[in-house]
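Hi everyone, thanks for coming.

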Amino acid sequence: MANTTSPVGFILLGFSQWPQLEKVLFWIVSIFYIMIIFGNLTIILLYCVDPCLYNPMYFFLSNLSFLELCFTTTTLPQMLSNLWGPEKTISYTGCVIQLFIFLFLGATECILLVVMAFDRYVAVCQPLRYTIIMNPPLCRKLAFIAWLSGLTEALIQSPITLQLPFCSHHQVDDFLCEVPALIRLACGDSSSSEWELTLSAVLFTILPVGLILTSYGYIAQAVGKIKSEEGRQKAIATCSSHLLVVSMFYGTVAMVYTDPKNNFASAHGKYLTLFYTVVTPFLNPLIYTLKNKEVREALKRLLKKYMRQ
């Protein structure tokens with residue numbers, strides 16, 4: 001039965017059918033959340049204090065780290081509250097705010113990863129013109145476009161989703177308020193919302209993946225022509241880390257958002273949500289720091305500076 005009025009709140013089911021698993025997940029997610037905050041704050045701090053990292057790649061990386069901090073702070077406290085106690089509800093206002101910010105930051109990340117791929121393309125394929133092409137004004141404009149694209153997507157998708165005729169039980173089979181889970185909660189006709197979400201998924205996941213793979217096709221050709229072994233290894237290290245982030249993020253998001261009512265998304269959507277809201281933000285700083293010599297060296301310099309004081 002559909003409820004045509006705005007609901008008072010929603011019940012986020014999560015893993016409520018497995019109470020013991022919830023307790024285990026609470027501590028795992030808590031540890032991940034602390035490490036996400038520490039890792040991303042470290043990257044932002046290094047970019048702010050180390051002049052050696054004042055280049056476009058680390059400018060975009062600091063944007064990504066700031067985005068991940070906001071993204072996880074929007075989702076994980078609610079997830080932890082859901083996992084710890086019997087109270088699984090979220091107010092309608094809280095759900096609206098979470099949905100909007102989740103869409104805003106998620107769509108922004110989709111575009112920001114494309115911008116980072118373009119930066120790597122210019123760095124590897126046009127090394128002599130890199131500083132000319134990727135000048136500070138252009139970098140700021142590209143970052144602004146990424147954030148503006150995410151805001152536009154949230155402003156369009158949020159009202160469409162919230163206008164759906166939700167079932168009167170208001171039970172969301174997820175940890176948080178996101179579009180696919182709310183579409184599955186609709187009791188009336190949700191075809192228009194599904195088509196709009198599919199279009200958004202194509203624009204923000206499928207198309208970006210195509211652009212990124214194209215850029216890395218050119219990068220692979222350019223890397224093969226690099227005569228210096230050190231230069232080749234540096235290019236491979238920075239590009240492979242970006243490709244790893246891209247494959248994890250876009251792959252899981254696309255499976256949930258492209259067709260929210262298919263059997264796979266309906267049955268496993270919350271597991272994938274757990275992955276791209278917890279695991280991916282946790283791995284991002286590890287991938288970029290452990291696989292990046294410049295970041296490791298900057299971290300060593302910062303630690304030595306504070307040890308001398």
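**Strands, bonds and charges**

Let's start with the strands: β2 (residues 9-12) and β3 (residues 89-91) run antiparallel and are joined by three bridges. Helices (H or I, at least four residues) and strands (E, at least two) are DSSP runs, numbered from the N terminus. Before I go on, this is a predicted model, where local features need pLDDT of at least 70 and side-chain atom pairs count only at pLDDT 80 or more, while totals for chains, interfaces and linings use all residues. Residues are numbered from 1 along each chain as its sequence is written, and side-chain values use heavy atoms, with hydrogens and water left out.

Back to β2. It pairs with β5 in the parallel sense, over two bridges. Look at Ile11: its bridge partner in β3 is Thr89, and its bridge partner in β5 is Gln171.

Now the cysteines. How many disulfides does a search of the whole structure find? It finds two, where a disulfide means a pair of cysteine sulfur atoms within 2.5 Å. If the word is new to you, a disulfide is a covalent bond between the sulfur atoms of two cysteines.

One of them joins Cys95 to Cys177, with 2.1 Å from S to S. This pair links distant parts of the chain, 82 residues apart: Cys95 is in helix α3 (residues 92-125) and Cys177 is in the loop between β5 (171-172) and α6 (179-185). The angle about the S-S bond is -120°, and the link is left-handed. Both Cys95 and Cys177 are buried. Buried means under 20% relative accessible area, exposed means over 50%, and partly exposed is in between (1.4 Å probe, protein chains only).

The other disulfide is Cys167 with Cys187, at 1.6 Å from S to S. Here the torsion about the S-S bond is about 115°, so this disulfide is right-handed. Cys167 is buried at 9% relative accessible area, whereas Cys187 is partly exposed at 36%. If you number the bonded cysteines in sequence order, the pairing goes 1-3, 2-4.

Glu178 is buried yet has no salt bridge, and the nearest side chain of opposite charge, Arg184, is 5.7 Å away. For charges, Lys and Arg count as positive and Asp and Glu as negative, while His and the chain ends are not counted. A salt bridge needs a side-chain nitrogen of Lys or Arg within 4 Å of a carboxyl oxygen of Asp or Glu.

So where are the salt bridges? The whole structure has four. One of them pairs Lys88 with Glu22, with the closest N and O atoms 2.8 Å apart. Lys88 sits in the loop between α2 (56-84) and β3, and Glu22 in helix α1 (residues 19-49), so the pair ties together parts that are 66 residues apart in sequence. Both Lys88 and Glu22 are buried.

Another one joins Asp173 and Lys270, at 3.0 Å from N to O. In this pair Asp173 is partly exposed at 34% relative accessible area, but Lys270 is buried at 6%.

Definitions and conventions
Pairing = 2+ DSSP bridges.
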